[in-house]
Amino acid sequence: MTTNKKPITVAVTGLNAIDSPGPGIPVIRGLRESEEFDVRIIGLSYEALEPGLYMHDLVDKSYQIPYPSSGMDSLMTRLEYINSIEHLDLIIPNFDAELFNFIKLSERLEKEMGIKTFMPTIEQFEERHKANLNDFGDKHGIKVPKSKIIFSSAEIFSLKEEFSYPLVVKGKFYDASIAYSPEQAVTQFNKISAKWGLPIIIQEFVHGQEVNVTALGDGKGTLIGAVAMRKTYITDKGKAWAGISIKDDNLMDMTKRVVESSHWKGGLELEIIKTSNNDYYLLEINPRFPAWVYLAVGCGQNHPEALMKMAAGETVEPFGDYDSGKMFVRYSYDMIVGLEEFEKISTSGEL
Amino acid sequence: MKIKKNIALSDSGFVFDPSSGDSFSTNPIGLEIIKLCKEGKSIENIKNELLSKYMTDETTLEKDIYDFFQMLVKLNVAEEIKEEN
């Protein structure tokens, strides 16, 4: 069968379609629905049991890549090898923890191998960091719960004058827990820092309804698209297992302000609390698409495809409206996988 | 009493608030009341219309309508406005 679609090879990370899912698979689904590009997907994984590795209808070929802690050089060496076989056009990284390395390498990737990326700058990436969110809020005129970075659990007992309980204890990349006493905060500090390292962020607890926005900025101050969602079923890890698209002008205004004033480039997710007084507090900015980004596609805004087009140098007009009242419902599904596949990815790092 | 402008209402009595994502189900009488309210009818008009249609006494109906409206306000489906009778 012939197609008029332009061929493109895109490498995507975040193939961990598990109970705390990475955004890779929904991003790939969006890319595959492109009417303009014939997409070949190269999966980049960290572990041999990331389900996306075995989803051959979505992922054409996969390669293991080194953990972010291995540093930029080993990542670059691995990408050089992968590119020598696959001739990548674009890489879409989907993990917070790996973004720093990819952003730092983006210039070299394009210059030395011709591989495009479409990510925030290192300044945008650092500015929106949980630890810097208060300054971000002040700079861009957005309400943010008061927060403080701490490096030792001993600091928790001196927080009494600045924070009242409950408060939220947050990891630098992932995890957050509500603490109702200093003792609970110390326990959470130890638990989260053991998993994600230091620092830990202490944040004022704001009571209200959590809502999320997935969005895309063109890097020049234009919001290309944004879809808001409310979680309707939450797992014990706090992840959305089901959600519904909602329409709220205040959420769109906040998203527009964030993207326009920061000139955000790439995908992002805003986590926002709406209080009973109709105040909106920005809790977090995740510097990549969320795992529920396929809901945006279902609502009429294919953000992954728009990112791919912009990375390819095309001008993309901002999306208009989107459908509210569309739901996503996740499900678990057992794939039967031959041991030889697991053996192949485990031993050769390719599948 | 005013049903919020963006509230979506289906013929089966399914009520959806697109700004919060909340959804509710109401029975046929509730659906009828919301529809009349959406048409801009006052509580007095709604009461009279229902009285002419159903076998009930005015006091019970009035109480039920007010209870129902209070619930709609609490659920953010409707907002109170001062009615001029």
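This is a predicted model: local features need pLDDT of at least 70, side-chain atom pairs count only at pLDDT 80 or more; totals for chains, interfaces and linings use all residues.

Colleague: Okay, is A:Asp57 buried or exposed?

Modeller: A:Asp57 counts as exposed, because it has 6 C-beta neighbours inside 10 Å, and the cut-off for exposed is 12 or fewer.

Colleague: And how many Å separate the C-alpha atoms of A:Asp57 and A:Arg330?

Modeller: Those C-alpha atoms are separated by 18 Å, with the two residues 273 apart along the chain.

Colleague: New topic: which order do the strands take in the open sheet of chain A?

Modeller: The order is S13-S12-S9-S10-S11-S14, so 6 strands with antiparallel pairing.

Colleague: Which strands stand at the edges?

Modeller: Strand S13 (280–286) and strand S14 (327–329) of chain A do. Each has a single partner strand, so one side of each is left without a neighbour in the sheet. On average, neighbouring strands of this sheet are turned by 25° against each other, direction ignored.

Colleague: What holds paired strands together, in general?

Modeller: Strands of a sheet pair through backbone hydrogen bonds.

Colleague: What about the largest nonpolar core?

Modeller: That core has 78 residues, and A:Val10, A:Leu90 and A:Leu295 have the most contacts inside it. Beyond its neighbours within four places in sequence, A:Leu295 is in contact with several residues, including that bridge pair, A:Met229 and A:Ser245. Another core, of 12 residues, lies apart from the largest one, with A:Val168 and A:Ile200 among its members.

Colleague: Which domains is chain A divided into?

Modeller: Domain 1 (6–118 + 334–348) and domain 2 (146–204). Their centres, taken over C-alpha atoms, are separated by 34 Å.

Colleague: Last one: how many residues does each chain give to the contact?

Modeller: Chain A gives 8 residues and chain B gives 6. On the chain A side, strand S10 (223–234) and strand S11 (240–246) are the elements that give two or more residues. That side divides into 2 nonpolar, 3 polar and 3 charged residues.

How values were computed: Residues are numbered from 1 along each chain as its sequence is written. Chains are lettered from A and ligands numbered from 1 in the order in which they are written. Two residues are in contact if their C-beta atoms, placed from the backbone, lie within 7 Å. Helices (H or I, at least four residues) and strands (E, at least two) are DSSP runs, numbered from the N terminus. Ala, Val, Leu, Ile, Met, Phe, Trp, Tyr, Cys and Pro count as nonpolar, Asp, Glu, Lys and Arg as charged, and the others, Gly among them, as polar. Two strands pair if DSSP finds at least two bridges between them. Axes are lines fitted to C-alpha atoms, for helices over the stretch in contact, and angles run from 0 to 180 degrees between N-to-C directions. Domain bounds come from an automatic or database domain assignment. A nonpolar core is a set of buried Ala, Val, Leu, Ile, Met, Phe, Trp, Tyr and Cys residues joined through C-beta atoms within 7 Å. A residue is buried if 20 or more other C-beta atoms lie within 10 Å of its own, exposed if 12 or fewer, and partly exposed in between; C-beta atoms are placed from the backbone.
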